[in-house]
Amino acid sequence: MKKIKLFSLLLAISILSSCEKEQVSEQATMEVVEQTPEISKEIRKKVADLNFNSKHVEKNNMLLPDGSFTQNYLIEGDIVMSEDQMHTMSSASVTDKQYRTYNLVSTPRTVNVIGYTGGSQALTTKQRTALRWSVDNYNALNLGITFTLTFGTNYSPYDIVVYQNPNGQAGGVAGFPSNGNPYKYVQIYSGMEAYSTNTNEHVITHEIGHAVGLRHTDWFSRQSCGQSGESADPDGAVHIPGTPTGYDSTSVMLACFGADEDGEFGPNDVTALNYLY
């Protein structure tokens, strides 16, 4: 599958992006983010203890649908987490690849999703179609979580709001569940308008996967980005029985995506979600 180098992408379409499943790569030769002074050793250690890549962590002001910002940490390019959430995601008592986090959505559960339609954070027509396809794909699995979908601007009552960040980049960002609830905010970057509806579906599906507790399938190697990962034990990256422990090129949860994605779950994604939910 053709992958697009981030550097080439920057030159070709002026998209500023870091390489995550929500970013495009062509066996990408991503440079390691330096351990800048503003990220404390304690935060990097906590990130490493949860077996996320502690070299890819930065402070982040996350744009919300109403135009305000919330402060958190951006990990591995497309996962946001507060310091409090890092501490609640304990790495203890794991006995149990697709991989999940410790935090999942309580079941049975209806997850109400809204596609945001207000102002500069409004989803485009293409993104709205991709969101419909993504929700349909989740519901087709007959999981213990069922998704509803509407479009509008009153997002407060909803469990997940999917909206656009008009930053010109390719990709998206989301976080992990907490207190049995999915992560509320799923951003899709405006640069995705340059890609097909299927590729937008892929990115949205991936980000919703994070919001319900899935982490990157290739967290241990970042092979989809042309990188090498960090060694890790099972803490924080819990292997899902019935799925492979090696590289799975078909997974929607790979860390980097290509320009020609079909937007559909791979067979091991289906196994993983049916096991969890």
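Start by selecting arginine 109, which counts as buried at 18% relative accessibility. Buried means under 20% relative accessible area, exposed means over 50%, and partly exposed lies in between (1.4 Å probe, protein chains only).

Before moving on, know what is on screen. This is a predicted model, in which local features need pLDDT of at least 70, side-chain atom pairs count only at pLDDT 80 or more, and totals for chains, interfaces and linings use all residues. Residues are numbered from 1 along each chain as its sequence is written, and side-chain values use heavy atoms, with hydrogens and water left out.

**Stop 1: the salt bridge**

The term asks for a side-chain nitrogen of Lys or Arg within 4 Å of a carboxyl oxygen of Asp or Glu. Arginine 109 sits in strand β5 (residues 109-116), and aspartate 159 in the loop between β6 and β7, so to speak 50 residues along. Strands (E, at least two residues) and helices (H or I, at least four) are DSSP runs, numbered from the N terminus. Aspartate 159 is buried too, at 18% relative accessibility. A search of the whole structure finds one salt bridge.

**Stop 2: the sheet**

Now switch to a cartoon view. Look for an open sheet of eight strands with mixed pairing, in the order β1-β2-β3-β8-β9-β7-β5-β6. Two strands pair if DSSP finds at least two bridges between them. Which strands stand at the edges? They are β1 (57-63) and β6 (145-152); each has a single partner strand, so one side of each is left without a neighbour in the sheet. Neighbouring strands of this sheet are turned by 30° against each other on average, direction ignored. The axes behind that angle are lines fitted to C-alpha atoms, for helices over the stretch in contact, and angles run from 0 to 180 degrees between N-to-C directions.

Zoom in on β3 (residues 79-81) and β8 (residues 172-175). They pair in the parallel sense over two bridges. Isoleucine 79 stands opposite alanine 174 in β8.

**Stop 3: valine 161**

Select valine 161, in strand β7 (residues 160-165). Valine 161 is buried, with a relative accessible area of 0%. Leaving out residues up to four places away in sequence, valine 161 touches Pro65, Ile114, Tyr116, Tyr155, Lys184, Tyr185 and Val186. Contact means heavy atoms within 4.5 Å. Asparagine 112 is 49 residues from valine 161 in sequence and 8.7 Å away in space, C-alpha to C-alpha.

**Stop 4: the rings**

Show the aromatic side chains. The whole structure holds seven aromatic pairs. Rings of Phe, Tyr and Trp (its six-membered ring) pair if their centres lie within 6.5 Å; planes under 30 degrees apart count as stacked, over 60 as edge-to-face and the rest as tilted. Why is the pair of tyrosine 183 and tyrosine 185 edge-to-face? Because their planes stand at 75°, with the ring centres 6.5 Å apart. Tyrosine 183 is buried at 16% relative accessibility, and tyrosine 185 is buried at 19% relative accessible area.

Move to tyrosine 195 and phenylalanine 257. This pair is edge-to-face, 6.3 Å centre to centre with 80° between the planes. Tyrosine 195 lies in the loop between β9 (185-189) and α5 (197-211), and phenylalanine 257 in the loop between β10 (238-239) and α6 (267-276), so the pair ties together parts that are 62 residues apart in sequence. Both residues are buried.

Then select Tyr116, Tyr155, Tyr163, Tyr183 and Tyr185 together. Ring pairs link them into a cluster.

**Last stop: confidence**

Colour the model by pLDDT, the predictor's confidence in each residue, from 0 to 100. The protein averages 78, and 74% of the residues score at least 70. Over residues 1-22 the pLDDT is below 50; this stretch has 87 contacts in the model beyond near neighbours in sequence. Residues 91-97 are also below 50, with 17 such contacts.
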